[in-house]
Amino acid sequence: MTADLSTFHRDTQILHAGRDPARHHGVVNPPVYHCSTVLFSSVDELLETRRDRASGAYVGFTYGREGTETTRAFEDAVTLLEGGYRAVTTSCGLGAICASLTAFLSAGDHLLILDSLYGPARAFCEDFLRKFGVEITYYRPSIGAEIAELIQPNTRVVYLESPGSLTFEITDVPAITKLCRARGIVTIMDNTWGSPVCFRPLAHGVDVSINAATKYISGHSDLMLGIAVCTEAAFIPVKKTASGSGYCGGPDDIYMALRGLRTLSLRMKRHQESALRVATWLQGRPEVARVMYPALPGDPSHALWQRDFDGASGLFGIVLNACSDRQFAAMLDHMDLFKLGYSWGGYESLVVPTYPSDLRSAVEWDAPGPSLRLHVGLEDVDDLIADLERGFARLAAAA
Ligand SMILES: Cc1ncc(COP(=O)(O)O)c(C=O)c1O
């Protein structure tokens, strides 16, 4: 391609980023390199790659764990979409979170972390970072510039996720990153909900943007992969930590994630359109006490979402009015389309009960009944609403 890809619109970039058919005999998609050993033609060449690693350039390829052209194609594509310097691929989204946190934190450092953080990331902070001497404070998602009051002389990292897991509050990312930049504090954000289509963390001042490519980027519920897009200053620490900790992605998973990426924009539009219809319908149901979806007018995060995001995904939460365990199970055990299971971001709809009170310490969770997380997939939206309607009928019948 002769034109500079960065001058094209995002939907064009998604199709062309990270591939160069002219280098691969005209084959449209980049090849899959299955690789552990990389052979060198001379000692000089081997020494050159040692110098490359020592300088932190990471241009050449030396060993499968550090990536191949397949990895680089995926990283280049997501880097272009998120406007970063370079990216680091990891074995899963949690791997990208753990590698990014450990890249910047040492014993005695202080970490400020969002209260509605993804559960297993919270467990990593509690079970590992604390054990290794990192001090942790959780902040409320609505904190914005008031985070300044929680910053300590030893605060090294502020971790964001917007919207937060399970309760879906949008954080004022630019207000927080502005304060952090001025103080030399590294910001890391989990961007999985919005994906590169709906939010570009680096354009809002974030240093490391994480996507669990397991979800929307790959989009088919058939692989595990993570990616951390970095600023120039953040790249070497994250790359060294990911490689040094063994967080490498598998070649076939990377290839499939890159293939899934090509339809990301189309899928996200449909997820948002259908989720908005389902969420609006749920708002009118007597069984539903609260819908937590920032794209919904009236949601407490709606104004911030409108200001900073280009779209929404198909994932949101609801709180039901009080009902018995039996009623709750009667509804969820027999769904035809909203199948019961973890994860999200694939083409299909999913539902899972959630327990926010187990994962909150800065904000008290108050709800009249049980909570659910819904992933609105690409099915016909009328079929999805009918599925939920049948679920509510079962709930009522089990009273
Ligand atoms: C918001 C968020 N971030 C990260 C992850 C972790 O991704 P993975 O399952 O690929 O480790 C998840 C998984 O559910 C998630 O919901």
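A polar contact is a pair of N or O atoms within 3.5 Å; within protein, one atom must be able to donate a hydrogen and the other to accept it, and residues adjacent in sequence count only if both atoms are side-chain atoms. In the predicted model described here, local features need pLDDT of at least 70 and side-chain atom pairs count only at pLDDT 80 or more, while totals for chains, interfaces and linings use all residues. Residues are numbered from 1 along each chain as its sequence is written, and side-chain values use heavy atoms, with hydrogens and water left out.

A polar side-chain atom of tyrosine 118 lies 3.4 Å from an oxygen atom of the ligand. For aspartate 190, a polar side-chain atom is 2.6 Å from a ligand nitrogen atom, and for glycine 93 a backbone N or O atom is 2.8 Å from a ligand oxygen atom. The ligand is surrounded by 14 residues, the closest being Gly93, Leu94, Asp190, Thr214 and Lys215; a residue is counted if one of its heavy atoms lies within 4 Å of the molecule.

UniProt, in an unreviewed entry, places the feature "modified residue: N6-(pyridoxal phosphate)lysine" at Lys215; UniProt positions are given in the numbering used here, feature names are shortened, and annotations may be inferred rather than shown by experiment. Lysine 215 is found in the loop between strand 6 (208-212) and strand 7 (226-230). Strands (E, at least two residues) and helices (H or I, at least four) are DSSP runs, numbered from the N terminus. With a relative accessible area of 13%, lysine 215 is buried (under 20%; exposed is over 50% and partly exposed in between, with a 1.4 Å probe and protein chains only). Apart from neighbours within four places in sequence, lysine 215 is in contact (heavy atoms within 4.5 Å) with Thr192, Ser343, Trp344 and Gly345.

An open sheet of seven strands has the order 1-7-6-5-4-2-3, with mixed pairing; two strands pair if DSSP finds at least two bridges between them. Strand 1 (86-90) and strand 3 (135-139) are the edge strands, each pairing on one side only. Strand 1 and strand 7 run antiparallel and are joined by five bridges, with threonine 90 opposite glycine 226 in strand 7.

A further open sheet consists of five strands in the order 8-9-12-11-10, also with mixed pairing. Strand 8 (288-292) and strand 10 (339-340) stand at its edges with a single partner strand each, so one side of each has no neighbour in the sheet.
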